[in-house]
Amino acid sequence: MYLGGSFTAVRPPGAAPGTSEVARSYLAAFDASSGELVDFDHRLDRRVSGLYVSPDGNRLYVGGDFLSVDGVSRRKAAVFSTATGQLTSWKVGFNGPVRAFHEIGSTVYAGGGFSTVKGVARTGVAAISTDGQLQAWAPQLDGKVRAITSVPDGSRVVIGGPFSSVNGQARQSIASLDASTAQLRPWAATHPSCSYVSSLSRVGDTIYGGAVGKGSGCYEGTFAADPMTGIERWRETCRGATEAVAVVGSYLYKGSHAHDCSTAGGFPEDYESRDTYNLLSVSLSNGGLGDWLPGMQGSGVGPLAMATDGRQLFVGGTFSGINGQGQQGFARFTAGPDLTLPGRPIAPKVASVKTATVSVRWTAVTDRDDGTLTYRLFRDGGRTPIHEQSASSRPWDRPVLQFEDTDLAPGSTHTYQVQAVAQDNVGPKSGVATVTVTGTDKGYASRVLADLPTLYWRLDESSGSTATDAAGSNHGTLSGGATRSSPGALSESGDRAVQLDGRSGRVLAPQRFNNPRRYSVEGWFKTDTRAGGKLIGFGSSTSNSGSYDRHVYMTNSGQLVFGTHPGSPSTISTPAAYNDNRWHHLVATQGVDGMRLYVDGVVRASNATTDAQNYLGYWRIGGDNLSGWPSAPSSSYVRATMDEFAVFGYALTAEQVIRHFNGS
Ligand SMILES: [Ca+2]
Ligand SMILES: [Ca+2]
């Protein structure tokens, strides 16, 4: 394993900076299995920024800013014998840094930021024979080359880098060239002028690459393309420069500072104020984000280099740690054993509101390199789980899981603990939750609370503008034409509700939620409006939202529509109208089974849509934007009395919905 960079010393893993250091001048070699430093010690006078081993394994090409090796002149490029470790006689001077090499037959193509090679004009890329003779091959570029690969039969060279024209034709940051004549060959995919291709890797009949953007909103993801046509098979568009890629197994690994992967099924910008994920993987088949998400510390960019021996992944960059452990500049990831444990779940939430039954709910945890975890639920300190279930989770998408423990003795007390398991690693057990089993079925609010709402506004206050959260601290705020103290939906005395005027009245949750994809919204409404309006919604803004879906609105004729926006509106509607001035119970759920819309305890409409629009938003009752939605009503704000609003972080089951409804 050869390593090049800006370093002047290396030290073993775990050693503190300045200790156990061995001098190495910008270039070093290690045993790829043991990590032991190898006796390959050459004195370069400036940094190394490109390394390449010939396909036959005999030659190590080194490029960079250096001018000499072991006191001998080598301007920006040098070749070493891998068998002896000695500098070879190959001597080709460049007037600017060399970043990339690619050998085809007896020709090596070199790319970088130079404009002459051996004193002859060559901009960004040149062809040199393996015995050091400059070839006539000379494409005309207007920029630099960062990466080089070739098509499977070696007849074409594909170059990537910050350039915009080749041979007088517009070619933005990627081009395919005849390996003999330097004439342009087809490359169908285009790249925006604000980004450039930083890395290329061909595996089999696919060329993979990554891009760096030069401004906000620019393409900075990865792609897979047909080598001969340049037609892309997929393009992954996470934001945050991709500096390096490597293919191992069925994933493309990328070193980047990804800060918004909402378009790749991942996290949106500003997710929990966390800036970046530096180490990610995407599926070779479709570019979808993988489960491998190690932590990297100490660097805002990169990793800057990735390499593989087909089984292990080697990562280089300016980082100081990996997964919270000291690891400066270089790290190795192996196929096994599984090193990271699942996290420790917080103690489950337990409640008993139904005779002889306990509801147990817990929030999924994550594991840095496993996306699907199995959960074991233990009762009363037992060694054998009473229940097991698997679920997928990501740091930005952790579902709430649940289990109903039935046939328990009323009055008995039980404890519950949960733990997560991944591959061979058993995570730590959660704290203990204790509950006493009820002998009688409890009322509406107890039933709702037992199902662990994310927020629950009873709307019973008689004054002020706060909608107190009975489940926690997501207290809502009434605004516009929202008035208090209307008689409530429930039969219990003292229940009150909020009246919305249909023009500006609404109640807004203060907390932003990240791209809910498994959730339920619940509430009661009473209206005789003929102008429709939004009853419950999710939107990106605290005023008129730019992104808005996961909403239930009433059409002018009184039908209810539940809609999400996974690229385009996906809606389900009730056949019946509900603007009859009676109280109705409304629940809308989305989860792995799709979307469901319940009215008065019964499913009235459903579909299989599991996705929605990816953004950070606020839950609300009352109006918000409805522009562009099917059968949109005259009014985006509903004139209605609303009560007992709740949001859950998972899809309520039909049994839970009817239990709530029957508790009213
Ligand atoms: Ca693991
Ligand atoms: Ca109420």
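In this predicted model, four strands form an open sheet with antiparallel pairing, in the order β15-β16-β19-β20. Strands are DSSP runs of E with at least two residues, numbered from the N terminus, and two of them pair if DSSP finds at least two bridges between them. The edges of the sheet are β15 (147-150) and β20 (184-185), each of which pairs on one side only. Strand β16 (residues 156-160) runs antiparallel to β19 (residues 174-178), and five bridges join the two; V157 has L177 of β19 as its bridge partner.

The domain assignment, an automatic or database one, gives domain 1 (1-140), domain 2 (188-335), domain 3 (349-440) and domain 4 (450-662). The centres of domain 2 and domain 3, taken over C-alpha atoms, are separated by 36 Å. Their contact (heavy atoms within 4.5 Å) takes 13 residues from domain 2 and seven residues from domain 3.

One salt bridge is counted between domain 2 and domain 3, a salt bridge being a side-chain nitrogen of Lys or Arg within 4 Å of a carboxyl oxygen of Asp or Glu. D291 forms a salt bridge with R394, with the closest N and O atoms 2.9 Å apart. About 920 Å² is buried between domain 2 and domain 3, and carbon and sulfur atoms give 51% of this area; buried area is the accessible area (1.4 Å probe) lost by two parts on being put together, summed over both.

Residues are numbered from 1 along each chain as its sequence is written. Local features need pLDDT of at least 70, side-chain atom pairs count only at pLDDT 80 or more, and totals for chains, interfaces and linings use all residues.

Key. Chains lettered and ligands numbered in written order. Heavy atoms only, no water.
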